[in-house]
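Please look over the structure shown here. The text then leads through it step by step.

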Amino acid sequence: MSSDALKKRKSKVLRTEGGTPEIKRGRGDGDQQDVRVYSEEVELDGRDPEQDYLQYKESCESLASLMGEIQELKANGAKEGCAEVERRRMQGCIHFMNLKKLNRLAHMRLKRGRDQTHEAKQRVDVLHLQLQNLLYEVMHLQKEISKCLEFKSKHEEIDLVSEEEFYQEAPQEISRPHLTKNDPHQLTLARLDWELEQRKRLAEKYKESQSTKEKIQKSIEVKKEHLRSLQPGLNAIMQASLPVQEYLSMPFEQTQKQTDIARHLPPPLYVLFVQANAYGQACDKNLNVSISGDVDEAKALSKPPEDSQDDESDSDAEEEQEKTKRRRPTTGGQLDDKRREMLKRHPLSLCLDLKCKDGSVLHLSFYYLMNLNIMTVKTKVSTSIDLSTAISAGDLLKADTLLSCLFTSDQGRETPNPANRYQFDKVGIVSFADYVEELGHPYMWVQSLGGLHFPSDASEGVRVGSSLSASHMESTIKLLRGRLQSRLALHKQFASLEHSIIPVSSECQHLFPAKIISRLARWTTITQQEYMDLPFVRHVTDAGLAKETDLYFMAVVERGTARLQAAVVLSPRYPEMSPLFSLSLSWKGERSGRTDDNLRAMESEVNVFKNELQGPRPGHQLLTNQISRLCVCLDVYLETEGQDDSVEGPREFPREKMCLRTVRGPNRLKPFKYNHPQGFFSHR
Amino acid sequence: MGPVELLHMSVFSQSFSPCGRFLAAGNNYGEIGLFSLSAALSPEATAANQKPVLTFTAHEGPVFSLLSTDCHLMSAGNGEVSAWSWAELIKKNVKPLWTKRPNYKSSLEIPEINSMAVSLRDNSLIVGGGDNNVHVMDLEHGVFKSVLQGHSDYIHCVSVREREGEILSGGEDGAVRVWDSRTGQSVHCIEVYKYQSCARPQFGKWISCLTTDSDWMLCGGGPSMSLWHLRSLSPTSVFPLSGCQRNASFHQDMILAVGEGAFVSHCLLGGDIKAQIPCTPQSLNTLQLNTNSSEHRVLTVGGSSNHIDVFTNLSYRAFSLSF
């Protein structure tokens, strides 16, 4: 029964709460008991706050009106607990209940609103967080992308072969043209493959070469060992052969020693040594070569070289010296040291002795200036006879001038190496000529003999080293010998010229008539300045034929009152270059070759037609023959001079020479040419 | 040719080409040098233009005389006369057209030829030289047709008076002889050294320069240079020049003379020396005025030097040609 009653209640309640069927179902069976409990929350859902507000207002008004009615009743004297009042109180209580309910509902509504707001806020927060995460992810991805874009591959640094070359050379399976033609990425990959392939091949080749090199080195080592083992045996043989050498008087050992020393010669001297030795052996037995100087110092200077012709050892030494120089402070006091350093000679020098047939010897000492890279020569002459007699011949054999101008304009006063100019500037050397006395002359031919070649204005075929030296050796030795002989001959001639004797050899007798009346009165040497000051040599100096290297002499030829002065320019290359005469005659006034056509003709007789006067080769008698010819010409000049009929008395110079005609031609020249067998004079 | 040879060179003779653009000069080595005046006178001339365009050895002895006809160059050497074609020389073809030798008697020494002149009237070449005789050569046939004998010493110079048909010759013997070219006889003989006003005994009596112009004759040498009137055969003026004169020439109303001394003398007909223009050689042998070409009208002088001085204006030396 009770369950029925429960069912009825339930249905009743169900009826009243028909508006919220879903909630009830959601709560399930656990809530089954509470269904009977009044649920204000559910009621709240079904109510309208607008109506609640109206109901609240209505309740308050009716409450107020009830209060008023009660008061009115009370005032009218109604009794406590009267029905009227009681009813009204009841109604008032209902209204209060109502208000209470409404108040609760309002609170509940507020709470619910708050909950809802909170819920919404939470949802928004979650969404916001999600958004933030996404944004961060985007940024990261962008960074990654840019990183990828900036990525540099190592292959870009590899120098690949060009595309055309690649397609030409690479095999099909690497180049894969159908793939790579249109795809640059594939192309690059293929090219890289090809590169790798090639490198592998080269590496293999390198390994192979390395191994062959090692093999060769080993074989060299073996051969060296073999050669080294030969040395003691050879030494023993040499030792054993010594007595034989001595017995046969073959100086192998001596030459061996000299060659040993020669190993320490600087390259130019070595070249000269070898060439001079070779020339001496082949062509000239009277050429003697020797080495002098401190061998130990030379050894110290050049590190023991494997090859004595090695240039490096010297240049190394040079560099070292330069370094030490640089270290020194450049104060004025040390400039001298620097100069001395720069002009330092190699400790070894080479001596060439040229013997002539008459027993005189020309000693040539060759030096090598290491820092200037030039060679110099000092000369000395030793003769078998005494040469102190001739005063005017003083300069002839002086070491200073003996070899000057051996070749045209080779005075040997300035350094032939153009680089020296700059070296001199550094240490304040004005001219090499100041040091020539001490160091010797750096003639061009000396450099050539040493195989040194310095380019000059006149550029010819450039040869260096031994071939240069060899090409100059023969001609230079011949010139040296010729120079010495001509100087010695001149020396002898000067001695007799100073005693007013003109030596004429029998071979040259036919050049002159038997009777020569004009006599050489004086033969002296003069300086170049004195020569320049003479009034009658202007044409010679103007023509540039009087050079600093030449020697100057003055000859005076006299006959009666006539006095002929002849200024002579003697080239150092005599007799190849003939002496040049300029004349001045003082007889009835002064006349010179510049103004008098006949004196000019006499000058040309000795200067131009010198070939007739050369005598036997090589023409050492040219000078004396020229002076003799001058005497003859003076005779002719004086004897054929027109006689002034108005002057009384005999002629000073009676005509003795046979002449066909005394004057000829528009400038009325006298006959200066001597015709030998007939003995008469004629015109040119 | 070495520097010593150049130093002792003398220029003895000069002649301008018919066109006036070239100068031939003969020296003491028997060489003839051909200079191009047009090149040397051009504004852009260099030192190379003052050297000969062609040098050739024409004779063995010195070339004492050069002469140009309308197409030939005659050169006189040791006893021989050679003719060269100007046209060929300009093309540098050196080959003589002919070489002739006058009939000399003596054979010991070949006589030199000192002077030549050409007579247009009978187309003959008059040659005077070392054998004391004047030889006349017919240029048409190339033979020596007559010999004028009379001088007692060698002949320095010859000259021709076209209009009168007379030949003049001056010699070492001091005489100027006037010859009739048709008969070959000596018409007059003037012994200049015998005239007090001209004589210079300290020098000698030879006549080394001779030139004529209509009735006037100029001669000099050992005696002072003097101007003679030929019809009266008397000296009208004597020029007080110091040295011996070797070559002289009439030029307009002036006389140009060269000789010993390094200058060209300008003399007035009256006997005054107007000017002495210095030049390079110490003594001068030859003087030549180029009248063949109006644009190259120059005076050239040569002497005891390898230089030939050129005067574009008579009053100063412009430059020197040199061998």
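What follows covers helix packing, a surface patch and salt bridges.

This is a predicted model, in which local features need pLDDT of at least 70, side-chain atom pairs count only at pLDDT 80 or more, and totals for chains, interfaces and linings use all residues. Residues are numbered from 1 along each chain as its sequence is written, chains are lettered from A and ligands numbered from 1 in the order in which they are written, and side-chain values use heavy atoms, with hydrogens and water left out.

Start with the helices of chain A. Helices (H or I, at least four residues) and strands (E, at least two) are DSSP runs, numbered from the N terminus. Helix H4 (residues 49–75) of chain A packs against helix H5 (residues 83–149) of chain A. Their axes are 9 Å apart, at an angle of about 155°. Axes here are lines fitted to C-alpha atoms, for helices over the stretch in contact, and angles run from 0 to 180 degrees between N-to-C directions. H4(A) and H5(A) are therefore roughly antiparallel to each other. Angles under 35 degrees count as roughly parallel, over 145 as roughly antiparallel, 65 to 115 as roughly perpendicular and the rest as oblique. H4(A) passes H5(A) in a left-handed crossing. A crossing is left-handed if the near helix is turned anticlockwise from the far one by less than a right angle, and right-handed if clockwise.

Now turn to helix H21 (residues 597–607) and helix H22 (residues 622–640) of chain A. Their axes come within 9 Å and cross at roughly 155°. H21(A) and H22(A) are thus also roughly antiparallel to each other. Here the crossing of H21(A) past H22(A) is right-handed.

Helix H9 (residues 184–248) of chain A holds Ile237(A). With Leu227(A), Leu230(A) and Leu234(A), Ile237(A) makes a nonpolar surface patch of about 400 Å². Patches are made of residues with over 30% relative accessible area and no salt bridge; like charges are joined within 9 Å, nonpolar side chains (Val, Leu, Ile, Met, Phe, Trp, Tyr) within 5 Å. Accessible areas come from the Shrake-Rupley method with a 1.4 Å probe; for residues, only the protein chains shown count as cover. Ile237(A) counts as exposed, at 55% relative accessibility. Buried means under 20% relative accessible area, exposed over 50%, partly exposed in between (1.4 Å probe, protein chains only). Leu189(A) is also found in helix H9 of chain A. At 36%, Leu189(A) is partly exposed.

Salt bridges come next. Asp542(A) is exposed at 56%, and Arg538(A) is partly exposed at 44%.

In chain B, Glu164(B) bridges to Arg161(B) at 3.4 Å between the closest N and O atoms. Glu164(B) is partly exposed at 27%. Arg161(B) is buried at 7%. Asp215(B) and Arg231(B) meet in another salt bridge, at 2.2 Å from N to O. This pair links distant parts of the chain, 16 residues apart. Asp215(B) sits in the loop between strands E17 (207–213) and E18 (216–221) of chain B, Arg231(B) in the loop between strands E19 (226–229) and E20 (234–238). Asp215(B) is buried at 13%, whereas Arg231(B) is exposed at 68%. Salt bridges that share partners join Arg161(B), Glu164(B), Glu166(B), Asp215(B) and Arg231(B) into one network.

Key: Salt bridge = Lys/Arg side-chain N within 4 Å of Asp/Glu carboxyl O.
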